[in-house]
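Dear colleague,

I am handing over the model we talked about, together with some notes on what turned up in it. Please read the notes with the structure open beside them.

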Amino acid sequence: MKMVFFSAKPYDRLFFDKHNNIPGLEIEYYETHLGPHIANVVEDAVAVCAFVNDKLTAPVIETLAARGIKIIALRCAGFNNVDLDAAKAHGIRVCRVPAYSPEAVAEHAVAMLLTLNRKTHKAYNRVREQNFSLNGLLGFNLNGKTVGVIGTGKIGKAFCKIMLGFGCNVIAYDIYEDEALKADGVKYLPQNDVLATADIVSLHCPLTPENHYLINNKTLGLMKEGVVIINTSRGGLICTTDIIEALKSRQVAALGIDVYEQEEKLFFRDLSENIIDDDNIQRLMSFPNVLVTAHQAFFTDEALSQIAQVTLNSVGKLTEGLEPDEAVILV
Ligand code: NAI
């Protein structure tokens, strides 16, 4: 029994090989992402394992189905890259890892916020050059600031709790309000009120057709001048060209992104010897008040262990004809 694993990195092999206790399951690793160029290499396999930038479009799923694939195991929470209707039509089961240390992502969002605010990335380089000047390193206290959180699911909730611990006023928008968070002091408001009131906005909702480019010219115009925006969710939530303009006009004082709308051409690779064609990411990286990390918010030991265990457990159950937990099954 075989599972073909796409977008494989050395750390994926480490954790999946360590946790592969399924009798007879062989994992065949491919470094390339899954897309139309490679789908037809899949052979004698029951499952494919995919990550955020693998492209599981209808034609790819059709090819996988024709090659006998019965399971698409996503080793991530988001599933906007999978045509679920196509999977259903071909009788392919799709599972995911709904939560893998939400704290890992929430803590990374906080790390980005603290770095941008207190400029520790600059201080680190500066003192190595024996430059002990403080000019240009001025930050602000987070204590007492208003933090706006869009999406208070597992990650958003963990983020809210950390921000409450910093002494921030936390306001939030979600299509479902979380009573426990309300009891902790989080105030739910309509989305535009959150955007208009917050000193810091952090995005923790999934990307859906409805909220594509949630952050655009219009919504940026509602925000306070000097707002700090953090996005560890999905790149498509922010219109990159609009935020570049907002950074140029100083409407946005700082931007931290762990995700980028064109990230599949860039992230998870060493492109240090390449010429990058994407002018928008180059423009973003040229701002001193923009911090880009390459989709690493999830990247902790705890999260990688959980991802491997949950994925393998689901594949094991599905191949035995058992039903995994409701939360992990998409189709
Ligand atoms: P979750 O499913 O627990 O929570 C998502 C929340 O967003 C839910 O409360 C839902 O009601 C709410 N929501 C849905 N549509 C909304 C909308 N239009 N406006 C406001 N709220 C909305 O998901 P979780 O685990 O908290 O993950 C959130 C997102 O974080 C994922 O969808 C994924 O895109 C991203 N993520 C990023 C990672 C990284 O390494 N950068 C790793 C894991 C997830």
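**Between the two domains**

The side chains of Lys55 and Glu264 meet in a salt bridge, with N and O 3.9 Å apart. Please keep in mind throughout that this is a predicted model. The domain assignment divides the chain into domain 1, made of residues 2-100 together with 301-319, and domain 2, which covers 102-292. To the contact, domain 1 contributes 12 residues and domain 2 contributes eight residues.

About 930 Å² is buried between domain 1 and domain 2, and 56% of this area falls on carbon and sulfur atoms. On the side of domain 1, Asn53, Asn80 and Tyr100 supply 43% of the area buried against domain 2, which is more than any other three residues supply. As for specific pairings, the count between domain 1 and domain 2 is one salt bridge, and three residue pairs are in polar contact there, both residues being at pLDDT 80 or more. Sorted by class, the side of domain 1 that touches domain 2 has seven nonpolar, three polar and two charged residues.

What does Ser305 contact, once its neighbours within four places in sequence are left aside? The contacts of Ser305 are Phe15 and His19, and Ser305 counts as buried because its relative accessibility is 14%, under the 20% cut-off.

Phe15, for its part, lies in helix 1 and counts as buried at 10% relative accessibility. With neighbours within four places in sequence again left aside, Phe15 is in contact with Asp301, Leu304, Ser305 and Ala308. The C-alpha atoms of Phe15 and Asp301 are separated by 9.0 Å, although these two residues are 286 residues apart along the chain.

**Salt bridges elsewhere**

A search of the whole structure finds 10 salt bridges, and a few of them deserve a description here. Side chains of opposite charge can pair when their charged atoms come close.

One of them joins the side chains of Asp12 and Arg75, at 3.7 Å from N to O. Asp12 lies in helix 1 (residues 10-19), whereas Arg75 sits in the loop between strand 4 (71-74) and helix 3 (84-89), so the pair ties together parts that are 63 residues apart in sequence. Are these two partners buried or exposed? Asp12 is buried, with a relative accessible area of 9%, and Arg75 is buried as well, with a relative accessible area of 2%.

Another salt bridge is formed by the side chains of Lys157 and Asp178, at 3.0 Å from N to O. Since Lys157 lies in helix 6 (residues 154-165) and Asp178 in the loop between strand 7 (169-173) and helix 7 (179-184), this pair ties together parts that are 21 residues apart in sequence. Lys157 counts as partly exposed at 23% relative accessibility, while Asp178 is buried at 16%.

Glu177 forms a salt bridge with Lys182, the closest N and O atoms being 2.8 Å apart. Glu177 is partly exposed, with a relative accessible area of 43%, and Lys182 is likewise partly exposed, at 33%. Through salt bridges that share partners, Glu177, Glu179 and Lys182 are joined into one network.

**Backbone angles to look at**

Most residues other than glycine have a negative phi. Against that background, Phe268 has a positive phi of about 70° although it is not a glycine, and its place is in the loop between strand 11 (252-257) and helix 11 (279-286). His295 also has a positive phi, near 55°, and is placed in the loop between strand 12 (290-292) and helix 12. His295 is buried, with a relative accessible area of 8%.

How values were computed:
Residues numbered from 1 in each chain as written. Heavy atoms only, no water. Domains from an automatic or database assignment. Contact = heavy atoms within 4.5 Å. Buried area = accessible area lost by both parts, 1.4 Å probe. Salt bridge = Lys/Arg side-chain N within 4 Å of Asp/Glu carboxyl O. Polar contact = N/O pair within 3.5 Å; in protein donor to acceptor, adjacent residues only side chain to side chain. Nonpolar A, V, L, I, M, F, W, Y, C, P; charged D, E, K, R; others polar. Buried < 20%, exposed > 50% of the residue type's maximum accessible area, 1.4 Å probe, protein only. Helix = DSSP H or I, 4+ residues; strand = E, 2+ residues; numbered from the N terminus.
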